[in-house]
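Open the model in your viewer and keep the sequence panel beside it. This tour tells you what to select at each stop.

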Amino acid sequence: MDKFTTLTGIAAPLPLINVDTDMIIPKQFLKTIKRSGLGVNLFDEMRFDSEGNENPDFVLNKPAYRNAEILIGGDNFGCGSSREHAPWAIKDFGISCVIAPSFADIFYNNCFKNGILPIALPQEDVDKLMDDAERGSNAVVTVDLESQTITGPDGGSISFEVDSFKKHCLLNGLDDIGLTMEKVASIDTFEAQAAQSRPWV
Amino acid sequence: MTAPKTLYDKIWDAHVAHEAEDGTCLLYIDRHLVHEVTSPQAFEGLRMANRPVRAPEKTIAVPDHNVPTTLDRVNGITNEESRIQVDALDKNARDFGINYYPVDDIRQGIVHIVGPEQGWTLPGMTVVCGDSHTATHGAFGALAHGIGTSEVEHVLATQTLIQKKSKNMKVEITGKLRPGVTAKDITLAVIGATGTAGGTGYVIEYCGEAIRDLSMEGRMTVCNMAIEGGARAGLIAPDQTTYDYVMGRPHAPKGAQWEAALTWWKTLFTDEGAHFDKVLTLKGEDIAPVVTWGTSPEDVLPITGTVPAPEDFEGGKVDAARRSLEYMGLTPGTPLSEIPIDAVFIGSCTNGRIEDLRAAAEIVKGKKIAEGVRGMVVPGSGLVRAQAEEEGLSEIFEAAGFEWRLAGCSMCLAMNPDQLAPGERCASTSNRNFEGRQGFKGRTHLMSPGMAAAAAISGKLTDVREVM
């Protein structure tokens, strides 16, 4: 997994609540058996018309935001399906940080497995960053995971919360399975005990 | 004496294989359900790291999302990408030695219908699947939730998940439901009350007389949509209804093991005085048959209502409602029961079980679908289909003009050829009304099977109570 330490990049505003994973990556792109290559289909039905032409009004089609690396969204970002294709598409597009007032649970977890930092902030902080992001290519924001701070284009700083274990994994690009394998003795013990106490499982 | 525990606390405590100092746990997984869309990358990861599936006997695979539901699917899947995905599942299931129901097996169906039907899902278990509607299995008092593909790989390799405990939320539905009101109306009404993020960070336990009175099919419908309320999982404490459903299923315990299991299952309830972090109570008698008007499952109104205006809302919901109304092609103030429809979809892991088909058939019996409306009934599994045929339900549907399909997810997410055309409006028993969910620019109204059947007959959204 890619590490996430600090990121300085353009922030794109997407001021919509309940951005669902069907919007992020529509189902026709879930037929892949790979993790890569989904960036071109990110937000497909909002980005393109039925003929495949770009919708010039959609934020990621605007010249200032085509290289955005941070996305600012509304409440309940990533709701709906558990498809990890959503964070895969976001990451493949080049976005490594999503900031919103709240996230849906499964999407939030999936981000951390893919080197993406999702940051939940109070509404007023998101509103401020959304305003900053509206300034286009001047909207360069710096996210520092180690110090858990976001620095806006005007130099103002916002701190954020993140689970310590998730932070550790993201900072070091750690593979979850490798970490769990170090505890395999505990799993063996549990499994043996469960086979005694709940043999029908 | 130990502190009183919720049902969630009890199941959680029984499955912690390791706890770190910061509270991060390895939760042991009893059942891992797998389908073709979210698993290929996970199996590829295992192969690359040369890892086996740790507990193949606890892993169950079935193709459902991509499979065509037309009778000609015996000739193979035409769409190449879909075929490759289904073939990959076939190969992975065989290579890794996991339980498997291929597309031509009568037991094939939607993973969340097959698991309970075959007795894989049992009370007190932890159940996961790379699909958000895994919450369905909570109806058995099993802790069940959706996971991403990285977590699918993690469970395949280690039979555990890295988890922190969620908070406890209680949703109580008191008293009795009125005629024409179903489990679907309960679950939509709850989402209407909490919003789609109301359950985020929680595991919901549904309780109260109206929940107790539901069949297992109804309970599965309620828990299925816990995720639409943002909750990681929904739970209903097991009782006699649960035991009666489970007993005798192919993978349910038998003999002395059944007795041992039953003894433990009977301890799976929330203790008196246990703490809930959030509580919602609705009166069963206050719940009406409902439909959704917008593009979020929280956009719920009684069928007797009218299309709302953006100004009826606050905050970010004002713009969201404006966008929804434009997408749905609806004008504020229009009575919901005057909205014409083009299509009807009866099926999905929410409402594709035998009881759902019975409820729809009862409304349809002896009638015809309205002119210009196409209707599709997609049973949740091959066994549901067979039972419906035995009960004569398929004849009722076909005589009315419905297409009678083979089992699969079908137009719930429209990954297979079952899709809406742009602008088409559908009365659907599925679980999501998101933009594009049932087809590019398709418009979805969620409702119960009886309501969808009534809409098929009249050609518009209809109060099922008027045709009962």
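In which helix is the place of Ala183(B)? Select helix α6 (residues 183-194) of chain B: Ala183(B) is there. Helices are DSSP runs of H or I with at least four residues, strands are runs of E with at least two, and both are numbered from the N terminus.

Before going on, note that this is a predicted model, where local features need pLDDT of at least 70, side-chain atom pairs count only at pLDDT 80 or more, and totals for chains, interfaces and linings use all residues. Residues are numbered from 1 along each chain as its sequence is written, chains are lettered from A and ligands numbered from 1 in the order in which they are written, and side-chain values use heavy atoms, with hydrogens and water left out.

**Stop 1: around Ala183(B)**

Stay on Ala183(B). Its relative accessible area is 8%, so Ala183(B) is buried. Buried means under 20% relative accessible area, exposed means over 50%, and partly exposed lies in between (1.4 Å probe, protein chains only). Now show its neighbors. Ala183(B) touches Leu214(B), Gly218(B), Thr221(B) and Val222(B), leaving out residues up to four places away in sequence. Contact here means heavy atoms within 4.5 Å.

**Stop 2**

Asp239(B) lies in the loop between β11 and α9 (240-246) of chain B and Arg219(B) in helix α8 of chain B, so the pair ties together parts that are 20 residues apart in sequence. A salt bridge is a side-chain nitrogen of Lys or Arg within 4 Å of a carboxyl oxygen of Asp or Glu. Arg219(B) counts as buried at 0% relative accessibility, and Asp239(B) counts as buried at 16%.

Next, select Asp213(B) and Lys176(B). This salt bridge also has its closest N and O atoms 2.9 Å apart. Asp213(B) sits in the loop between α7 (209-212) and α8 of chain B and Lys176(B) in the loop between β9 (167-174) and α6 of chain B, so this pair ties together parts 37 residues apart in sequence. Asp213(B) is partly exposed, at 47% relative accessibility.

**Stop 3: where the chains meet**

Show both chains. The contact takes 53 residues from chain A and 73 residues from chain B. Together they bury about 5,300 Å², 58% of it on carbon and sulfur atoms. Buried area is the accessible area (1.4 Å probe) that two parts lose on being put together, summed over both. Pick out Lys27(A), Lys31(A) and Trp200(A): they supply 16% of the area that chain A buries against chain B, more than any other three residues.

How many salt bridges are there between chain A and chain B? The count is eight. One joins Glu153(B) and Arg35(A), at 3.2 Å from N to O. Another joins Arg232(B) and Asp105(A), with the closest N and O atoms 2.5 Å apart. That pair runs from the loop between α8 (216-224) and β11 (233-235) of chain B to helix α4 of chain A. Arg232(B) and Asp105(A) are buried.

**Stop 4: a hairpin in chain A**

Select strand β5 (residues 140-144) of chain A. Five bridges join β5(A) to strand β1 (residues 6-13) of chain A, and the two run antiparallel. Two strands pair if DSSP finds at least two bridges between them. Ile10(A) stands opposite Val140(A).

Ile150(A) is the bridge partner of Val143(A). The two strands form a hairpin with four residues between them, and Gln148(A) in the turn has a positive phi of about 55°.

**Stop 5: more positive phi**

Most residues other than glycine have a negative phi. Select Asn18(A), in the loop between β1 and α1 of chain A. Its phi is near 55°, and Asn18(A) counts as buried at 12% relative accessibility. Finish on Ser348(B), in helix α12 (residues 348-351) of chain B. Its phi is near 90°, and Ser348(B) is buried at 1% relative accessibility.
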